[in-house]
Amino acid sequence: MLIPRLLPWAVALLLAGCASSTIPLQQPQQALPTQWPGDTQTRGNADAALPPWQAMVVDPALTQLLQQAASYNHDLRQALLRAQEARASYGIENASRFPTLAAGSSHARARVPGDLNASGRAATGSDHEVFVGLSSWELDLWGRVRNLSNAALQQYLATELGTQTARQALFAQVARSYLTLREMDERLTLTRHTLDSRAETLRIFTRRYEVGSISKYALTQVESLHHQARAMAAQLEQERAQTAHALHLLTGADVAQLPPLVRGQQFFADVPVGLPSSLLTARPDVVAAEHQLQASHARVDAARAAFLPRIALSGSFGTASAQLDGLFDNGSKAWNFVPTISLPLWDGGLRQSQLDLAAVRQNAAVVDYERTLQTAFREVADALSARQLMTQQLQIQRDNLHSLQERSRLAQLRYDSGASPYLDVLDAQRDLLSAAQQVVQARFDQQTASVSLYTALGGGTGLGLPASPAEATPVATSRTAH
């Protein structure tokens, strides 16, 4: 009698040992160039690593703003909450892999009328039970529940890496906004100095006009130059205010009062040359895309397992008695065991459609992973080109400034000697102010290009995290084996 009862279980276990719905994931192979465009020093630095962001930021005020942004910024806080949500979802999905045990008791008393009783007389009875029960635990013979749990885990890891991407984006936004703000400060200082000089010139020419030594036409030329400087100062004030508002929104800090600006000050260090392209495989968005790919693969395996039989176990063990004081007497033991087997036969193509959908999403995840890696390489290539071109442009702008300074000096000498009209001086000074502004812009553009290159290589992800690697949370960067 025992063998027929165990035969279905033996067949099920045999099938579980001989068949599996899981197919190994074939990781996309992306061949990255060993050298960046225009970079000839990569081959000898295959093991080079990016410095931490604290080593790249050389301005204490910017460091303080970045640290404050890490605890204030709403976008980053929202990303952290999404990671906590994904972690809770994984916990819910993973809990389904284990049986649910519950302890309980029930106590009932009932009266049955005589016309419903075999004895013909009314009867009153009690029923008391205390039990520990197992509720519908699925034997995961085909890996369906395990794959769903793994998909939730990979989704959580991808979301957790999304917080690093948010930190990286915040780092870049704060650094760029701060550099723009300091650029506005330096250009404003330069414009105000020019405005003071032109105001003095206007005062002198006004006095000359009053005594009749110059014409009204000459005076209006000087006034025009003075108004140009005033208009430029007003425009820069407006741009600075907008940049300060944006920086305050990012960091929550009062940026109205910043340390005095030192002309030519370095705020962000140069990114080391010769860094390998393999750094891109550690970028948080690339690793997150890889986890998304693994999650989609696990969902395909779970959809495939839905075609196979499901075996679930339910049962309870405890004690029961008609009298409360007899619950734990000898002979009061009670139990029940209810295994169920369900075999899908026909569902109108529902499971097949679910499998097809999971397979399409897996293919989309492969494309997304490849696109993310290619985009990362393009961003680094663009940033390298920008850094190189910004260096060249800065030198060109400086050379142009030196030429215009000499031109302005000579134009003033020619005017003083009566060899040329004052219009030549006006043109020279107008061009000189524009060239001085362009030098400041080019110098800050060069530092902004370094920020872009650093973040494109994967830097800035540690913003707001402990400085010591031992104190950092390991799950944020963990990657499962393929």
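**Figure 1. A salt bridge joins the side chains of Asp-285 and Arg-283.** The N to O distance in this pair is 2.6 Å; a salt bridge is counted where a side-chain nitrogen of Lys or Arg lies within 4 Å of a carboxyl oxygen of Asp or Glu. Arg-283 is buried at 4% relative accessible area, whereas Asp-285, at 22%, counts as partly exposed. Buried stands for under 20% relative accessible area, exposed for over 50%, and partly exposed for values in between, with a 1.4 Å probe and protein chains only. The model is predicted: local features need pLDDT of at least 70 and side-chain atom pairs count only at pLDDT 80 or more, while totals for chains, interfaces and linings use all residues. Residues are numbered from 1 along each chain as its sequence is written, and side-chain values use heavy atoms, with hydrogens and water left out.

**Figure 2. The protein contains nine helices and four strands.** Helices (H or I, at least four residues) and strands (E, at least two) are DSSP runs numbered from the N terminus. From the N terminus on, the order of elements is α-α-α-α-β-β-α-α-α-β-β-α-α. Of the 482 residues in the protein, 38% are buried. A search of the whole structure gives 17 salt bridges.

**Figure 3. Arg-240 and Asp-185 form a salt bridge.** Their closest N and O atoms are 2.4 Å apart. The pair links distant parts of the chain, with Arg-240 in helix H6 (residues 216-251) and Asp-185 in helix H5, 55 residues apart. Arg-240 is buried, its relative accessible area being 15%. Asp-185 is buried as well, with a value of 12%. Arg-182 joins Asp-185 and Arg-240 in a network of salt bridges. Side chains of opposite charge can pair when their charged atoms come close.

**Figure 4. Glu-200 and Arg-203 form a salt bridge.** The closest N and O atoms of the two residues are 2.7 Å apart. Both residues belong to helix H5, and because they are three residues apart, about one helical turn separates them. Glu-200 is partly exposed, with a relative accessible area of 35%.

**Figure 5. Helix H5 (residues 144-211) packs with helix H7 (residues 284-305).** The two axes come within 8 Å and cross at roughly 165°. Axes are lines fitted to C-alpha atoms, for helices over the stretch in contact, and angles run from 0 to 180 degrees between N-to-C directions. The angle makes H5 roughly antiparallel to H7; angles under 35 degrees count as roughly parallel, over 145 as roughly antiparallel, 65 to 115 as roughly perpendicular and the rest as oblique. The crossing of H5 and H7 is left-handed, a term for a near helix turned anticlockwise from the far one by less than a right angle, with clockwise giving right-handed. By class, the contact of H5 with H7 holds twelve nonpolar, ten polar and four charged residues. In this classification Ala, Val, Leu, Ile, Met, Phe, Trp, Tyr, Cys and Pro are nonpolar, Asp, Glu, Lys and Arg are charged, and the others, Gly among them, are polar.

**Figure 6. Arg-146 lies in helix H5.** The residue is partly exposed, with a relative accessible area of 35%. Arg-146 and Asp-301 are 155 residues apart along the chain, and their C-alpha atoms are separated by 9.6 Å.

**Figure 7. Helices H8 and H9 pack with their axes 7 Å apart.** The angle between H8 and H9 is about 160°, and they are therefore roughly antiparallel to each other. Their crossing is left-handed. The contact of H8 with H9 comprises 21 nonpolar, eleven polar and nine charged residues.

Figure 8. H6 has 36 residues and reaches 52 Å from its first C-alpha to its last, close to the 52 Å expected at 1.5 Å a residue. The expected span of a helix is 1.5 Å times one less than its number of residues. Helix H8 (residues 350-416) has 67 residues and reaches 92 Å, close to an expected 99 Å.
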